[in-house]
Amino acid sequence: MNNKKSSTSDDTTSAGSSNAYPIRAVERVCDILDLLQRSHEGVSLPETASVTSLPKSSAFRYLSALEARGYVERDTQSALYRIGLAFQPHNTRQLEAFLARAGGPLQRLRDDTGETTNLGTLQGSMIVHNLVFESSQMMRLAARVGDRAPIHSTALGKAIAVELPPDRVRAILDTVGMSPFTDATITTPEAYLSALETVRDQGFAIDDCENQADGRCVAVALRGMPFPCGISVSAPARRLTIDMVPSVVKRICGVGKHLVSDFLNEG
């Protein structure tokens, strides 16, 4: 007697087929990406649900998860979904060209303020430090180029998040989580979205000892760029005091406007 059990799972096919053991969720993700790849103008949520035979609520969850990781992006005006930055080498080349131009101004900002300057981009669900020019001070606050950080505890994260749709911000927070790095870290989506309103009103973001207990960072988003990015100044909190923030913000904004103008006019 043959005692082997036959598989009845919907998520597998016979091992002899050329497409053995497909996972249904992976197939659905591929169906969505294939659909977006074929579209030049973008695809609506109802169209995505219809073509993939998914309920709208399920299609939205898939799209939100893909958006949080940069594989999909959503146009806030048309509400259409498109292939995201993760699949667009053109934007990668643009970023490389921008970083080549930004080095000098970021170095001068470092020399002007005496503190570490950073340029970061949103890649998927994390902030990536693309440029870092460290302070010459013995005690300094500095990430390394390539370091990744969450949006909820960093000034760069807040500054860039203000430019994103709230549903994408929530998707990112759901994907990465909101770990408490210090007693001051914001740890709920509601509190974070409320903090973003303050950032939007004042035009800059502060990490006030939220990512490191003794660190303060001030950041401004670079608006109008083809990818989400921002620049910041970071230092030990006792040296970058709250009353110094307006002066530092003014200097960051001046550099930021120059960078954006120069890149868009000559890029």
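In this predicted model, the side chains of Glu115 and Arg239 meet in a salt bridge, with 2.7 Å from N to O. Glu115 is buried, because its relative accessible area of 8% is under 20%. Arg239 is partly exposed, at 23%.

The total comes to 13 salt bridges. Side chains of opposite charge can pair when their charged atoms come close. Another of these pairs joins Arg216 and Asp208, again through side chains, at 2.7 Å from N to O. Asp208 is partly exposed, with 31%. Arg144 also forms a salt bridge, with Asp147. In this pair the closest N and O atoms are 3.7 Å apart. Arg144 is exposed, because its relative accessible area of 62% is over 50%. Asp147 is partly exposed, at 24%.

The strands come next. An open sheet is formed by 6 strands. Their order is E5-E4-E3-E8-E7-E6, and the pairing is antiparallel. Strands of a sheet pair through backbone hydrogen bonds. Strand E5 (148-149) and strand E6 (205-208) are the edge strands. Each of them pairs on one side only. Strand E5 pairs with strand E4 (residues 126-133) in the antiparallel sense, over 2 bridges. Within E5, Arg148 is the bridge partner of Val128.

Aromatic contacts complete the picture. The structure holds 3 aromatic pairs. In one of them, the ring centres of Phe98 and Phe227 lie 5.9 Å apart. The ring planes stand at 55°, so the pair is tilted. Phe98 belongs to helix H4, whereas Phe227 lies in the loop between strand E7 (215-221) and E8. The pair therefore ties together parts that are 129 residues apart in sequence. Both Phe98 and Phe227 are buried. With Phe263, these two residues form one aromatic cluster.

Methods:
Residues are numbered from 1 along each chain as its sequence is written. This is a predicted model: local features need pLDDT of at least 70, side-chain atom pairs count only at pLDDT 80 or more; totals for chains, interfaces and linings use all residues. Side-chain values use heavy atoms; hydrogens and water are left out. Two strands pair if DSSP finds at least two bridges between them. Helices (H or I, at least four residues) and strands (E, at least two) are DSSP runs, numbered from the N terminus. A salt bridge is a side-chain nitrogen of Lys or Arg within 4 Å of a carboxyl oxygen of Asp or Glu. Buried means under 20% relative accessible area, exposed over 50%, partly exposed in between (1.4 Å probe, protein chains only). Rings of Phe, Tyr and Trp (its six-membered ring) pair if their centres lie within 6.5 Å; planes under 30 degrees apart count as stacked, over 60 as edge-to-face and the rest as tilted.
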